Amino acid sequence: MISVCLIILPAPHLKEPKRNAPLGVLYLAAALRESIAGVSITDLRGVSENDWLKLIPDALSYGISATSVEYPLATKLASMLQRRRKVPVVLGGVHATVTKSANGFSSVVKGEAEITAFKIFGDAIWGTLEKEYLGELPDIDKLPMPARDMLHFDAWANKEIVRGHLGTSVLGSRGCPYRCDYCSEPKIFGRKVRFRTPELVAGEIAYLKCRYGITGFRFHDDLLTLKQSWLEKL
């Protein structure tokens, strides 16, 4: 039996929904499977609503990450899952972090969830789920590499991500020191910027190139060029 199924929502508002590799979900899945057996990911990008439940397996709990644009889809999917079988559905991501609007979910997670994921989904499975969890900031050097092996190859590596190359997304840092009014990042990561060591980033790039033949890499950092000495070393 699958213990935790993490769901990547459709993105009909995007012209190329698979141009953004789902690093957030892949990092969370990698952290979860170190402590919980039976973790899976279902990717609904490009899937018709009529086929959602056909692709989503039965599980003891579900996790959905959503931006505010995706939130209506998240609530619709949570309702569908609850009608099929009464199981906990946890909402995380940008919308859960920056707003108080999370009706229809068993629980919400605010902030980064890699450290608290084991407790959250352990509580969900054992029926002791709290209404809200506050994520902790992880040491990103200690996080396992994103669980890319849990998705079909073209879900995280394709020629949409970096034009003219077989490309994928990587992350060198999290956070931004600025406080732009239009941006949600300070509320998610705070204003502290955490960098992975250049050696780890270069090692991940080398692994992806050698293992999968990937030649294009798109950084998902908020501000990759913030620290010149780090960038030069990379």
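Which residue has its charged end over the ring of Tyr27? In this predicted model, the residue is Arg174, whose charged end lies 5.2 Å from the centre of the Tyr27 ring.

## Charges over rings

Tyr27 itself is one of the buried residues of helix α1.

## Aromatic pairs

A pair of aromatic rings is described by the distance of the centres and the angle of the planes. Across the whole structure, a search finds six aromatic pairs. Trp156 and Tyr212 make up one of these pairs, with an edge-to-face arrangement, a centre-to-centre distance of 5.0 Å and an angle of 85 degrees between the planes. Trp156 belongs to the loop between β6 (132-134) and β7 (157-158), while Tyr212 belongs to helix α7 (residues 198-212), so the pair ties together parts that are 56 residues apart in sequence.

The two partners may also be described by their accessibility. Trp156 counts as buried because its relative accessibility is 1%, under the 20% limit for a buried residue. Tyr212 has a relative accessible area of 24% and is therefore partly exposed. Both residues belong to one aromatic cluster, together with Phe153 and Tyr207.

## The largest pocket

Rolling a probe the size of a water molecule over the atoms shows where empty space is left. The largest pocket holds about 1400 Å³ of space. Its lining comprises 46 residues, and those nearest the centre of the pocket are Gly24, Val25, Ser65, Thr67 and Val94. Two or more lining residues come from each of the elements β1 (2-8), α1 (23-32), β3 (59-65), β4 (89-92), α5 (117-126), β9 (173-174) and α6 (185-189).

Helix α1 gives the most to this lining, with five residues. Sorted by class, the lining of the largest pocket has 26 nonpolar, 12 polar and eight charged residues.

## The second largest pocket

The second largest pocket contains about 160 Å³ of space. Among the residues that line it are Lys18, Ile41, Thr42, Asp43, Arg45 and Leu55. The lining also includes Met150, Leu151, His152, Asp154 and Ala155.

Strand β2 (residues 39-43) gives the most to the lining of the second largest pocket, with three residues. By class, five of the lining residues of this pocket are nonpolar, two are polar and four are charged.

Helix α1 has 10 residues, nine of which are buried, so the helix is largely enclosed by the rest of the structure. The buried residues are Leu23, Val25, Leu26, Tyr27, Leu28, Ala29, Ala30, Ala31 and Leu32. One of them, Val25, is also among the residues nearest the centre of the largest pocket.

In helix α5, the buried residues are Ala117, Ile120, Phe121, Gly122, Asp123 and Ala124. They pack against β1, α1, β3, β4, β5 (107-110) and β6. After α5 comes Gly127, which has a positive phi near 80 degrees.

## The loop between α1 and β2

Ile36 is found in the loop between α1 and β2. With a relative accessible area of 9%, Ile36 is buried. When residues up to four places away in sequence are not counted, Ile36 touches Ser3, Val4, Phe118, Phe121 and Gly122. Ile36 and Phe121 are 85 residues apart in sequence, and their C-alpha atoms are 8.7 Å apart in space.

Gly38 is found in this loop too. Its relative accessible area is 32%, and Gly38 is therefore partly exposed. Beyond its neighbours within four places in sequence, Gly38 is in contact with Ile2, Ser3 and Val4. The C-alpha atoms of Gly38 and Leu60 are 9.7 Å apart, and these residues are 22 apart in sequence.

## Val201 in helix α7

Is Val201, at 1% relative accessibility, buried or exposed? Val201, which is placed in helix α7, counts as buried. Leaving aside neighbours within four places in sequence, Val201 is in contact with Leu171, Gly172, Arg196, Phe219, Trp230 and Leu234. Val201 and Met145 are 56 residues apart along the chain, and 10.0 Å separates their C-alpha atoms.

Conventions
Residues are numbered from 1 along each chain as its sequence is written. This is a predicted model: local features need pLDDT of at least 70, side-chain atom pairs count only at pLDDT 80 or more; totals for chains, interfaces and linings use all residues. Side-chain values use heavy atoms; hydrogens and water are left out. Rings of Phe, Tyr and Trp (its six-membered ring) pair if their centres lie within 6.5 Å; planes under 30 degrees apart count as stacked, over 60 as edge-to-face and the rest as tilted. Helices (H or I, at least four residues) and strands (E, at least two) are DSSP runs, numbered from the N terminus. Buried means under 20% relative accessible area, exposed over 50%, partly exposed in between (1.4 Å probe, protein chains only). A charge sits over a ring if NZ of Lys or CZ of Arg is within 6 Å of the ring centre and within 35 degrees of the ring normal. On a 1 Å grid over the protein atoms alone, a cavity is a set of points where a 1.4 Å probe fits but cannot get out, and a pocket is an open set with protein on both sides within 12 Å along at least five of seven lines; lining residues have an atom within 4 Å of a point. Grid points are joined across faces, edges and corners, and a volume is the space filled by probe spheres set on the points. Ala, Val, Leu, Ile, Met, Phe, Trp, Tyr, Cys and Pro count as nonpolar, Asp, Glu, Lys and Arg as charged, and the others, Gly among them, as polar. Contact means heavy atoms within 4.5 Å.
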